[in-house]
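Here is a walk through one protein model, region by region. Keep the viewer open while you read.

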Amino acid sequence: MKKIWRELKSQNVFYYIAAFSIIVILIITVLGSYLYRFYYRTIYTDFLVSNEEHLRWEMNRHENDIQIINDIVYQMGLAAEVTKFKLSEKPLAALQLEKHLFQYTTVSQFFRLLLYQYHEDDYLYSSTTSVDSDYFAEQGCVMERMDAQTVKEELSSESKELRVFPEQSVSGFWVQKYIGNSRIVLYMQAIPPKFQETLVFFVPDTYYDSLMINEAEDLRSDFILYDNEVIVSRESSETDHAALLELIKESGEQRQVKLDGEKYLLTVQQGDSGMLYCSLQDMDIFYDKIVTGQWGIIGMLIICAIPTALLLDSQEETNYNLNSIENGIQMLVEANEQKEKENLQLKKTRFIRNFIRNDFKNQEEVLQESEKVSMEIKNTEYLTVLLGERSDSNENKAHTKMLE
């Protein structure tokens, strides 16, 4: 053995092997570091963008519904023929007002109940009936976080701003007939131009359940804030709202934050209504993706090490073009994105098939499944055309008539 070792040293084979190993290790280290940095940046960018898109979708849908409230308020301001009267003086006018309110209530998928209050009258009006204001506040509609006196004051307020009251439970014999025992978010808006009337919108918690839906494995919490207060939240774990508000005040930009000892990605966007939309996603989601991707990097390095060893072994000079490597990686990323698009198209096709076959249990399930495949499916009317062709068949004539 010693003799063989001396022969290796005398022939400089040992030094060649050592130099060969060092060069291979150096190339793998440099290439591995470059691949890791590139992969890290790519995954992190995707992580940021996915949270932005998730929050933007929620904001756009909710802002559209808030705009519907604003439109109703201004339309009611123009409907002078059915508003601003006392029931004791014009009892028949109440019927016209109820019909007017009925038009808004039947087409809305946002609010469950709409009430109208003329400040000089003693009654509130819905789309079907009227109710004494005192009875409404004290017994008919009992709020979890608002006492009867506060409700009365808000009903008669001439504030020009939209008022939003945080999600809370509501009970009372009168309101049970319309929305049952549930949790609601309450919106109030005085009607211009004189602001002597108020519209009250009851938005049920089921609306926000469908709007802010998250899978358990996403580890994401969503919040809607208004006037420095959390109005609605759907949380994967309990969050300190006061600490969250402080983080948002510090900076409204998307960034990593530490809350309750855990690291999160904080994303904040502001709507035209003045509401803030906030999302917190646990950074463990990002770290898990990095760990999963490391195995791919290791496999790529092993593959790269084989031709590297062969080239060094033949003593051929090799110039590593990092641009070519980056292009190759980019091609892999694009191929993966293309595969995801094809999978999304397949999911869309499957959703359309199930939708046409009416395989869904209810509208909520339809909306949830459509969100997963990035499709808007909130229309009330649909046209479906099924076409096929068989030669020498009367079906061709039928298809022609269908198209005509």
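Which backbone oxygen does the side chain of Q189 reach? The side chain of Q189 reaches the backbone oxygen of K160, at 3.2 Å. The model is predicted, so local features need pLDDT of at least 70, side-chain atom pairs count only at pLDDT 80 or more, and totals for chains, interfaces and linings use all residues. Residues are numbered from 1 along each chain as its sequence is written, and side-chain values use heavy atoms, with hydrogens and water left out.

Stay with Q189. Q189 sits in strand β6, residues 182-190. Helices (H or I, at least four residues) and strands (E, at least two) are DSSP runs, numbered from the N terminus. The Q189 side chain also reaches the backbone nitrogen of L162, at 3.3 Å. Both are polar contacts: pairs of N or O atoms within 3.5 Å; within protein, one must be able to donate a hydrogen and the other to accept it, and residues adjacent in sequence count only if both atoms are side-chain atoms. Q189 is buried, with a relative accessible area of 8%. Buried means under 20% relative accessible area, exposed over 50%, and partly exposed in between (1.4 Å probe, protein chains only). Leaving out residues up to four places away in sequence, Q189 touches several residues, including V73, R163 and L199. Contact here means heavy atoms within 4.5 Å.

Now the whole chain. The protein chain has 12 helices and 12 strands. Buried residues make up 38% of its 404 residues. Take the contacts in the protein chain with a separation of 6 or more: residues 24 or more positions apart account for 59% of them.

Next, helix α8, residues 241-250. Here L244, L245, L247 and I248 are buried. Seen down the axis of α8, the buried residues fall within an arc of 160°, so they line one face of the helix. The arc is that of the directions from the helix axis to the C-beta atoms. An α-helix has 3.6 residues a turn, so residues three or four places apart point the same way. On the other side of α8, A242, K249 and E250 are exposed. What covers the buried residues of α8? The cover includes β8 (220-225), β10 (255-259), β11 (262-270) and β12 (276-282). At the start of α8, a side-chain oxygen of D240 comes to within 3.1 Å of the backbone nitrogen of A242.

Strand β11 holds T267. T267 is buried, with a relative accessible area of 2%. Its side chain and that of Q254 are joined by a polar contact of 2.9 Å. T267 and I248 are 19 residues apart along the chain, and their C-alpha atoms are separated by 9.3 Å. Among the residues that T267 touches, not counting those up to four places away in sequence, are N51, L55 and Y277.

Turn to the aromatic rings. Rings of Phe, Tyr and Trp (its six-membered ring) pair if their centres lie within 6.5 Å; planes under 30 degrees apart count as stacked, over 60 as edge-to-face and the rest as tilted. By this rule the count comes to 11 aromatic pairs. The ring centres of Y207 and Y208 are 4.9 Å apart and their planes stand at 90°, so this pair is edge-to-face. Y207 and Y208 are buried. F286 and Y287 form a tilted pair, with 5.7 Å centre to centre and 55° between the planes. F286 is buried, with a relative accessible area of 0%. Y287 is partly exposed, at 32% relative accessibility. Ring pairs link Y44, F47, F286 and Y287 into a cluster.

Finally, some backbone details. A cis peptide bond joins P192 and P193, with omega about 10°. P193 is in the loop between β6 and β7 (197-204). L219 is not a glycine, yet has a positive phi of about 50°. L219 lies in the loop between α7 (205-211) and β8, and is partly exposed at 33% relative accessibility. N228, also a residue other than glycine, has a positive phi near 60°. N228 lies in the loop between β8 and β9 (230-234), and is exposed at 58% relative accessibility.
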